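Work through the following exercises with the sequence and the model side by side. Try each task before you read its solution.

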Amino acid sequence: MEEMISLDTFQPFDGMTKMFPHHNFPYFNCGYNLLLTLARYFKKDELPILNNVITIYRFDKQKIQTRGYFKLEVLDLEEGDQILEEMGISIRKKSPALDTLQDEIINSISSGHPISIFIDLFYQRGRDFYYNNKHGLHPVFVYGFNVTNEEIYTVDDIKEYRQYSLPFSEFKSSCMTSEHVKMPDYFWEYALVPPGNHEILNNNKSAHTTIHTFVENMCRYQNEITESLNNILLLAENYELIIQNETIIETLSSTIYRKCSEKYRLNTLYEYDIDHIHAKHTLDPLLDQIIHDWKTVRIYSNKAIMSQKFTGEIIDKCVGLFTKIYTNEVHFHNQLFLMLKSFRSSHV
């Protein structure tokens, strides 16, 4: 009989999957998916996590031949550790030796404590850009261990955000590498703060406070957010060169799932009566069209890259879509900030 240890009633965050059933997008990035999975496991409100992000378009012409020339940047308003502390979740960080790692995992899971382990992506099979090519640390959520088969059960976004199982020997090879000099305490264990610790638990933010803080932060960044939309036009101006860089598909995919993340958050905010001016009927179709047009650009770009035919027709179609995206983004953000400021003025 197999001996398996796992967290009781564990389910990873699936809000994005429910909204976009044909995809398995992360919420902004792997770090936020981990935080949302922790919130679900410990039965905490996800709103403080959802509202911790502001997105800003960036463009750097000097990087056109490499990476990072264009992105929808994710700005964290607070560190993840701080958010969890305010939610009443503690983090214990440590650096177990490799020969004790299995025991540490089993002890944590047996105690009902989820863990995340920072691995070196250079050794993670299936991670196309990194595997045997590039080093980089990445958190993997661990929820179980099969002692009989020596398999570890994780939640990760290797190809899509879901549950994975793999040999522990393979997983262990990605721990404690030369890359871990940057983060010696690679093993993070999470637990609920004991009820007696009222000082921390009383810091839990109410939904109203969380939304109010989010609105204030959005308004504080309004100029930077709206001015950053011009970077979409800079992408269009330089697309004849950029489309020949194969990293454009990864760049477009990242932009798409981050816009989808904005849609997920917006739909959550509607549930808290944030829309006093009935902006939803304008915002939703605009955001849906923006996401659709980014996807269409990706289709055209992928077709050109696969065929190695970077025709003027394809480039013109993409440039036309960028212009449309820019126009809709301007309209969307005008309406969004009207809605947020109306909410703020009614809660002074």
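**Exercise 1: The second largest cavity**

Cys30, Asn33, Leu34, Pro139, Val140, Phe141, Val155, Asp156, Asp157 and Tyr161 line the second largest cavity. The model is a predicted one, in which local features need pLDDT of at least 70 and side-chain atom pairs count only at pLDDT 80 or more, while totals for chains, interfaces and linings use all residues. Residues are numbered from 1 along each chain as its sequence is written, and side-chain values use heavy atoms, with hydrogens and water left out.

Task: Find which elements give two or more residues to this lining, and how the lining residues divide by class.

Solution. Begin with the term itself: on a 1 Å grid over the protein atoms alone, a cavity is a set of points where a 1.4 Å probe fits but cannot get out, and lining residues have an atom within 4 Å of a point. Next come the elements, which are DSSP runs numbered from the N terminus, with at least four residues for helices (H or I) and at least two for strands (E). Helix H2 (30–41), strand S6 (137–146) and strand S7 (151–156) are the elements that give two or more residues to the lining of the second largest cavity. Finally, sort by class, where Ala, Val, Leu, Ile, Met, Phe, Trp, Tyr, Cys and Pro count as nonpolar, Asp, Glu, Lys and Arg as charged, and the others, Gly among them, as polar. The lining of the second largest cavity then has seven nonpolar residues, one polar and two charged.

**Exercise 2: The largest cavity**

Task: State what volume the largest cavity has, and which residues are the closest to its centre.

Solution. A volume is the space filled by probe spheres set on the grid points, which are joined across faces, edges and corners. For the largest cavity this gives about 160 Å³. Of the 13 residues that line the largest cavity, Phe214, Met218, Glu262, Arg265 and Leu336 are the closest to its centre. At least two lining residues come from each of strand S2 (53–59), helix H8 (207–220), helix H12 (248–270) and helix H14 (312–345), and the lining of the largest cavity comprises nine nonpolar, two polar and two charged residues. For the second largest cavity, the volume is about 60 Å³.

**Exercise 3: An aromatic pair**

Task: Describe how the rings of Phe13 and Tyr264 are arranged.

Solution. Rings of Phe, Tyr and Trp (its six-membered ring) pair if their centres lie within 6.5 Å, and planes under 30 degrees apart count as stacked, over 60 as edge-to-face and the rest as tilted. The structure holds 16 aromatic pairs. In the pair of Phe13 and Tyr264, the centres are 5.7 Å apart and the planes stand at 80 degrees, which is edge-to-face. Phe13 lies in the loop between strand S1 (4–6) and helix H1 (15–19), whereas Tyr264 lies in helix H12, 251 residues apart. Ring pairs link Phe13, Tyr27, Phe28, Tyr32 and Tyr264 into a cluster.

**Exercise 4: The setting of Phe171**

Task: Decide whether Phe171 is buried or exposed, and list its contacts.

Solution. Phe171 lies in helix H6 (residues 168–172). Buried means under 20% relative accessible area, exposed over 50% and partly exposed in between (1.4 Å probe, protein chains only). Phe171 counts as buried because its relative accessibility is 4%. Contact means heavy atoms within 4.5 Å; leaving aside neighbours within four places in sequence, Phe171 is in contact with Ile117, Ile119, Val140, Val142, Ile152, Thr154 and Leu166.

Conventions
On a 1 Å grid over the protein atoms alone, a cavity is a set of points where a 1.4 Å probe fits but cannot get out, and a pocket is an open set with protein on both sides within 12 Å along at least five of seven lines; lining residues have an atom within 4 Å of a point.
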